[in-house]
Amino acid sequence: MAGPGDPPEGTPEGTSGGGEDEYRSVVFDESFVRAARIQEYSAQERLTDHAPAVRRRPPLRRGLSRQALILVLLVAVAFGTAVYMGLRSPYQNQAARRSVEPLRMTVIPLSPQGVVPGAAAPETLFAHSPAAQFRVGAEGIPLPASRRTAHFSDSQVVTALTTAKDYIVHSSLYPEVLTGQQVRPVRALVDSDQLDQFDESFSRPTADGRHAPTGWLIRFDPARVELADSKIRVQGTLQAVETDSSTLEVTADHTFVYALRPTGAETGAAASLFTVRRELHFRFDRVDLRTHQVQLSVSYVQAGPLSCAEDSTNHLRPLLAGQTAKAGGPAGTDPYATDDATALCGALATSAQPKI
């Protein structure tokens, strides 16, 4: 059946289905209308202005869409930020500002004023010495209560204290370090800018205040002594302060007491005590806090009983039970006291020895 507007006899063969079919696929949406170059005047405009039925519209300005402009702007901002951060990286500037000073060290032997006391049981020696109330091992190095500083957070202060404690434990309590078998556990904690000084100290030990292995760690001559008791007594303090906006300083002051006997001696051989008073100054910048390493600025060591005639640069060579040092020497120095020794070789006060 023919539809409205179709010829009575229907659409002739070979012809299209009318004008509507020609434009059926064309969508006359708003964008199509806006893009038209010819615009028809309204009836009112044609009556008023006697204008032609249509007018030609000015060409549309072609350009980037708003989304494209925003995308280009974001890419430009990101690129500029990347360039700026590359040129002004805080880590690069911080690394450039770092100036790590060499470690200054002093090792003072303390000579006994009489015969070194001894006993078969190390516990007896400890019980009759000033170290009777000391804690054992790392328990004698407790961390203090810590608070944030002006430029460092609580966690950064704790990290500095913990890293300093790790260095003290590795360099004063590890058996393989004390017996001279290893230095690696200590070296791993040293700031990379001090490694040359550290390595030179062990390859070419020198008593110049810069290159003494005994300034970096505690180690005994393995040919002379060995540990009679692995329970080393320790007492001391740790304190952290901010020295400037980029540096934390930790001061450690500890006394270590070791029970020693001659190398290869029988189990029942007499043991003696050896005391080391060790004051260390650590410095930490933000690089050290991130890498858990230390800068050592000062190492001040008093140790005895030692003979002033012995070289204590590379190893400590303790005087053992029943041995004596040569007569004479400077005034007595007590490593348990808080005052500093001023002599390059001191005398170990009798109050520092066990009362057997």
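Two strands are said to pair if DSSP finds at least two bridges between them. In this predicted model, the bridge partner of Glu 242 in strand E6 is Leu 248, and the bridge partner of Ala 252 in strand E7 is Leu 280.

**Overall composition**

The protein chain holds twelve helices and ten strands. Of its 356 residues, 38% are buried. Contacts between residues at least 6 apart in sequence join residues at least 24 apart in 69% of cases. The chain exposes about 20400 Å², of which carbon and sulfur atoms supply 53%.

**Strands E5, E6 and E7**

Strand E6 pairs with both E5 and E7, as the table sets out.

| Strand pair | Residue ranges | Sense | Bridges |
|---|---|---|---|
| E5 and E6 | E5 225-244; E6 247-262 | antiparallel | 15 bridges |
| E6 and E7 | E6 247-262; E7 272-284 | antiparallel | 13 bridges |

E5 and E6 form a hairpin, with two residues between them. Because 13 of the 16 residues of E6 are buried, this strand is largely enclosed by the rest of the structure. In a regular strand, side chains alternate between the two faces of the sheet.

**Helix H10**

Helix H10 spans residues 195-203, and its buried residues are Leu 195, Gln 197, Phe 198, Ser 201 and Phe 202. Viewed down the axis of H10, these buried residues fall within an arc of 165°, so they line one face of the helix. Their cover includes helix H9 (184-187) and helix H11 (213-216).

**Nonpolar cores**

The largest nonpolar core has 48 residues, and those touching the most other members are Tyr 167, Trp 216, Phe 220, Tyr 258, Phe 274, Phe 282 and Phe 284. Two or more residues of this core come from each of helix H7 (154-172), helix H8 (175-178), H10, E5, E6, E7 and strand E8 (295-304). H7 gives the most, with seven residues. Apart from this core lies another, of ten residues, including Ala 119, Phe 126, Ala 131 and Ala 271. In soluble globular proteins, nonpolar side chains tend to be buried together.

The surroundings of Tyr 258 can be listed in detail. Leaving aside neighbours within four places in sequence, Tyr 258 is in contact with Phe 126, Ser 172, Leu 178, Ile 218, Phe 220, Leu 227, Ile 232, Ser 272, Leu 273, Phe 274 and Val 276. Among these contacts, Phe 220 and Phe 274 are, like Tyr 258 itself, named with the residues that touch the most other members of the largest core. Phe 126, also in contact with Tyr 258, belongs to the core of ten residues.

Key:
Residues are numbered from 1 along each chain as its sequence is written. This is a predicted model: local features need pLDDT of at least 70, side-chain atom pairs count only at pLDDT 80 or more; totals for chains, interfaces and linings use all residues. Side-chain values use heavy atoms; hydrogens and water are left out. Helices (H or I, at least four residues) and strands (E, at least two) are DSSP runs, numbered from the N terminus. Buried means under 20% relative accessible area, exposed over 50%, partly exposed in between (1.4 Å probe, protein chains only). Contact means heavy atoms within 4.5 Å. Accessible areas come from the Shrake-Rupley method with a 1.4 Å probe; for residues, only the protein chains shown count as cover. The arc is that of the directions from the helix axis to the C-beta atoms. A nonpolar core is a set of buried Ala, Val, Leu, Ile, Met, Phe, Trp, Tyr and Cys residues joined through side-chain atoms within 4.5 Å.
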